[in-house]
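Trainee: Could you take a single part of this model and examine it closely, then place it in its surroundings?

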Amino acid sequence: MESPEGGWTAVLSGGDLPEDKAVRVNVDGVDVFLYRLGDRMFALANRCSHQGGPLHRGVVKASGANPTVTCPVHGSIFRLTDGMVIRGPASTRQAVYEARVNGGGVQVRPV
């Protein structure tokens with residue numbers, strides 16, 4: 001994977017990020033959860049801050065102003081916009097990444 005100027009890392013072609021389906025990608029050795037909802041994209045650290053559950057396998061509730069993902073292991077809920085914990089047992093927010101489409105590919109970078 002290349003790291004373009006500004007810290008962006010190419011992770012997928014634009015066609016490989018389906019609408020309303022979570023995808024796991026790797027960015028510099030870190031698993032990242034990606035989710036596309038219309039023209040919005042969300043990217044968080046994929047491993048739950050509680051005990052490492054794979055968020056890309058969790059339930060995403062994308063309706064409303066604050067879409068969330070629920071960890072499939074212990075049920076922690078995180079806001080996709082900023083990684084904040086909505087419901088524990090997790091007590092630490094998820095790391096957030098910026099995501100964009102550039103030149104037909106999806107790129108992410110840490111916030």
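Mentor: T81 is partly exposed, with a relative accessible area of 33%; buried means under 20%, exposed over 50%, and partly exposed in between, for a 1.4 Å probe and protein chains only. The model is predicted, so local features need pLDDT of at least 70 and side-chain atom pairs count only at pLDDT 80 or more, while totals for chains, interfaces and linings use all residues. Residues are numbered from 1 along each chain as its sequence is written, and side-chain values use heavy atoms, without hydrogens and water.

T81 sits in the loop between β7 (77-79) and β8 (85-87); strands are DSSP runs (E, at least two residues), numbered from the N terminus. Leaving aside residues up to four places away in sequence, T81 touches R40, F42, N66, P67 and V96, where contact means heavy atoms within 4.5 Å. A65 is 16 residues from T81 along the chain, and their C-alpha atoms are 9.2 Å apart.

The largest nonpolar core has 14 residues, and F33, Y35, L55, V69 and L80 have the most contacts inside it. Such a core is a set of buried Ala, Val, Leu, Ile, Met, Phe, Trp, Tyr and Cys residues joined through side-chain atoms within 4.5 Å. At least two of its residues come from each of β3 and β4 (40-45). Another core, of 12 residues, lies apart from it and includes V23, L34, M41 and Y97. Among the residues that L55 touches, not counting those up to four places away in sequence, are F33, V69 and F78.

Key
Helix = DSSP H or I, 4+ residues; strand = E, 2+ residues; numbered from the N terminus.
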